[in-house]
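Please keep the sequence and the structure in view while reading.

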Amino acid sequence: MMENNLKWEEFVKIDMRIGTIISAEVFKEVKKPAYKMIIDFGDLGKLKTSAQITKLYTLESLIGKQVIAVVNFPPKQIANIMSECLIIGGLGVGTDVVLLQPERNMPNGTKVA
């Protein structure tokens with residue numbers, strides 16, 4: 001059994017949505033290699049974020065990729081950008097992150113349940 005069990009009422013407060021990466025560039029201003037991205041969440045708008053995913057993903061492979069992200073965390077300053085969402089991924093070997101994505105294409109902004 002896991003420690004720190006989350007109550008259902010806490011879990012349902014997390015707003016996860018499907019969005020499409022529309023912009024990605026090298027995040028030169030950070031210490032650890034990362035990309036800064038803009039993700040289109042449909043009616044929720046386009047949100048900025050960054051991710052340390054440079055080992056497994058090229059900039060070209062990210063454009064047009066659908067991802068799952070938490071969209072209701074408070075904005076967080078990361079170097080010179082204000083991150084507005086958190087992309088969800090699986091932790092692989094070391095610090096490698098494998099992005100979670102829908103099994104088939106979905107409308108941007110689709111709620112994850």
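A salt bridge here is a side-chain nitrogen of Lys or Arg within 4 Å of a carboxyl oxygen of Asp or Glu. By that criterion the side chains of R104 and E103 form a salt bridge, with an N to O distance of 2.9 Å. The model is predicted, and a search of the whole structure finds six salt bridges.

**Overall fold**

- The protein chain has two helices and nine strands, and along the sequence they follow the pattern α-β-β-β-α-β-β-β-β-β-β.
- The radius of gyration of the protein chain is 14 Å, close to the 13 Å that the globule rule gives for 113 residues, so the chain is as compact as a globular protein of that length.
- The C-alpha trace of the protein chain spans about 40 × 35 × 30 Å along its principal axes.
- Of the contacts in the protein chain with a separation of 6 or more, 59% are between residues 24 or more positions apart.
- Buried residues account for 35% of the 113 residues in the protein chain.
- The protein chain has an accessible surface of about 7,600 Å², and carbon and sulfur atoms hold 58% of this surface.

**Nonpolar core**

- The largest nonpolar core has 18 residues, and M37, I53 and L62 touch the most other members.
- Two or more residues of this core come from each of β1 (16–26), β2 (35–40), β3 (46–51), β4 (66–70) and β9 (97–99).
- With three residues, β2 gives the most to this core.
- Not counting residues up to four places away in sequence, I53 touches Y35, M37, L62, V97 and L99.
- In soluble globular proteins, nonpolar side chains tend to be buried together.

**I21 in strand β1**

- I21 lies in strand β1 and counts as buried because its relative accessibility is 1%, where the cut-off for buried is under 20%.
- Leaving aside neighbours within four places in sequence, I21 is in contact with M37, I38, I39, L62, I63, G64, K65 and V67.
- The C-alpha atoms of I21 and K65 are 5.6 Å apart, although 44 residues separate the two along the chain.

- V12 sits in the loop between α1 (8–11) and β1, and at 47% relative accessibility V12 is partly exposed.
- Together, L6, W8, F11 and V12 make a nonpolar surface patch of about 430 Å².
- D15 is also placed in the loop between α1 and β1, but at 15% relative accessibility D15 counts as buried.
- Beyond residues up to four places away in sequence, D15 touches A69, V70, V71, N72 and K111.

**Charged pairs**

- R17 and D15 meet through their side chains in a salt bridge of 2.6 Å, N to O, and both R17 and D15 are buried.
- A salt bridge of 3.9 Å, N to O, joins the side chains of E25 and K36.
- This pair links distant parts of the chain, with E25 in strand β1 and K36 in strand β2, eleven residues apart.
- E25 is partly exposed with a relative accessible area of 41%, whereas K36 is buried with 16%.
- In the pair R104 and E103, R104 is exposed with a relative accessible area of 57%, and E103 is exposed at 65% relative accessibility.

How values were computed:
Residues numbered from 1 in each chain as written. Predicted model: local features only at pLDDT ≥ 70, side-chain atom pairs only at ≥ 80, totals over all residues. Heavy atoms only, no water. Core = buried A, V, L, I, M, F, W, Y, C linked by side-chain atoms within 4.5 Å. Buried < 20%, exposed > 50% of the residue type's maximum accessible area, 1.4 Å probe, protein only. Helix = DSSP H or I, 4+ residues; strand = E, 2+ residues; numbered from the N terminus. Contact = heavy atoms within 4.5 Å. Patch = residues over 30% accessible without salt bridge, like charges linked within 9 Å, V, L, I, M, F, W, Y side chains within 5 Å. Areas by Shrake-Rupley, 256 points an atom, 1.4 Å probe, with all protein chains shown as cover. Rg over C-alpha atoms; globule rule 2.2 N^0.38 Å.
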